[in-house]
Amino acid sequence: MIESWLERWREGRIGWHEAGGNASLKKHWKAEGRRVLVPMCGKTVDMLWLEEQGNSVVGVELSDIAARAFFEENGLQYTVREGRLQAYTALGHDITIFCGDLFAFDEPGFTGWYDRGAFVATPSEQRPAYAEHINALLAPDAHRLLITLEYDDSIATGPPFSISPGEIRRYWPDLKPVDRYDDIDNGPPKFRDAGLQEMFETVWR
């Protein structure tokens with residue numbers, strides 16, 4: 001998974017990226033003053049939006065191409081600090097991206113979690129470990145917003161993967177679906193090219 005993700009960034013195959021940010025985040029995020037974890041953040045502008053709501057934002061991203069692109073494309077100056085994972089920190093903004101394997105990131109106590117692209121990018125056999133790792137990083141009262149996809153994977157396959165509500169409830173039984181709608185128009189082009197006509201985005205909080 002690690003090498004395929006890095007290769008996608010090297011080749012610019014990032015059809016999941018939403019240049020204008022995610023509409024469901026803006027509609028359903030209900031917290032400020034939180035330290036928010038954004039796993040596998042890529043270069044999403046959702047991090048800027050979360051900071052604008054009064055949150056401290058920490059992204060974790062494998063690709064240094066993505067990390068640098070976030071700051072450069074948004075006109076943000078930044079510093080780079082060496083460590084177990086390189087830390088890219090914006091100057092004048094409360095946003096840091098740690099560059100490396102999410103499972104090597106071990107700072108606990110996050111009071112917020114936003115996941116639009118990480119869980120759906122994780123193969124089924126790795127999802128139990130992902131859920132366990134995320135839960136270990138979050139404070140008990142963390143505000144959580146998870147976005148998943150459901151589609152006919154006999155027509156097209158991920159990533160991003162189709163994930164059933166039952167699977168979400170196994171890992172996070174207290175999360176509730178707060179929205180669900182067909183979002184095929186914003187889905188990666190490869191799905192439409194394969195003939196997929198519906199792709200439902202579900203928002204869990």
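**Close-up 1. Cysteines without a disulfide.** Searching the whole of this predicted model turns up zero disulfides, a disulfide being a pair of cysteine sulfur atoms within 2.5 Å. Take Cys41: the nearest cysteine sulfur belongs to Cys99 and sits 8.7 Å away. Cys41 counts as buried at 6% relative accessibility, and Cys99 is buried too, at 12%. Buried here is under 20% relative accessible area, exposed is over 50%, and partly exposed is in between (1.4 Å probe, protein chains only).

A quick note on the model: it is predicted, so local features need pLDDT of at least 70 and side-chain atom pairs count only at pLDDT 80 or more, while totals for chains, interfaces and linings use all residues. Residues are numbered from 1 along each chain as its sequence is written, and side-chain values use heavy atoms, with hydrogens and water left out.

**Close-up 2. The two sides of helix H5.** Helix H5 spans residues 127–137, and its buried residues are Arg127, Tyr130, Ala131, His133, Ile134 and Leu137. They share one side of H5 because they cover an arc of only 165 degrees around the axis, taken from the directions from the helix axis to the C-beta atoms. On the face turned away from that buried side, look for the exposed residues Glu132 and Ala136. The cover over the buried residues includes strands S1 (35–39), S6 (110–115) and S7 (138–150), plus helix H6 (165–171); contact means heavy atoms within 4.5 Å. Helices (H or I, at least four residues) and strands (E, at least two) are DSSP runs, numbered from the N terminus.

**Close-up 3. Phe119 and its ring neighbours.** Phe119 and Tyr171 make an edge-to-face pair, 5.9 Å centre to centre with 80 degrees between the planes. Phe119 is in the loop between S6 and H5 and Tyr171 is in helix H6, so this pair ties together parts 52 residues apart in sequence. Phe119 also pairs edge-to-face with Trp172, at 5.2 Å and 75 degrees. Trp172 comes from the loop between H6 and S8, 53 residues from Phe119. Phe119 is buried at 0% relative accessibility, and Trp172 at 1%. Ring pairs join Trp113, Phe119, Tyr130, Tyr171 and Trp172 into a cluster, and the whole count comes to 11 aromatic pairs. Rings of Phe, Tyr and Trp (its six-membered ring) pair if their centres lie within 6.5 Å; planes under 30 degrees apart are stacked, over 60 edge-to-face, and the rest tilted.

**Close-up 4. Arg35 over a ring.** The charged end of Arg35 sits over the ring of Phe110, 4.1 Å from its centre. The rule asks for NZ of Lys or CZ of Arg within 6 Å of the ring centre and within 35 degrees of the ring normal.

**Close-up 5. Salt bridges between parts of the chain.** There are seven salt bridges in the structure, each a side-chain nitrogen of Lys or Arg within 4 Å of a carboxyl oxygen of Asp or Glu. One of them joins Asp179 to Lys27, with the closest N and O atoms 3.1 Å apart. Asp179 is in strand S8 (residues 177–182) and Lys27 in helix H2 (residues 23–28), so the bridge ties together parts 152 residues apart in sequence. Asp179 is buried, at 17% relative accessibility. Another bridge brings Arg180 and Glu150 together at 3.5 Å, N to O. Here Arg180 is partly exposed at 46%, whereas Glu150 is buried at 16%.
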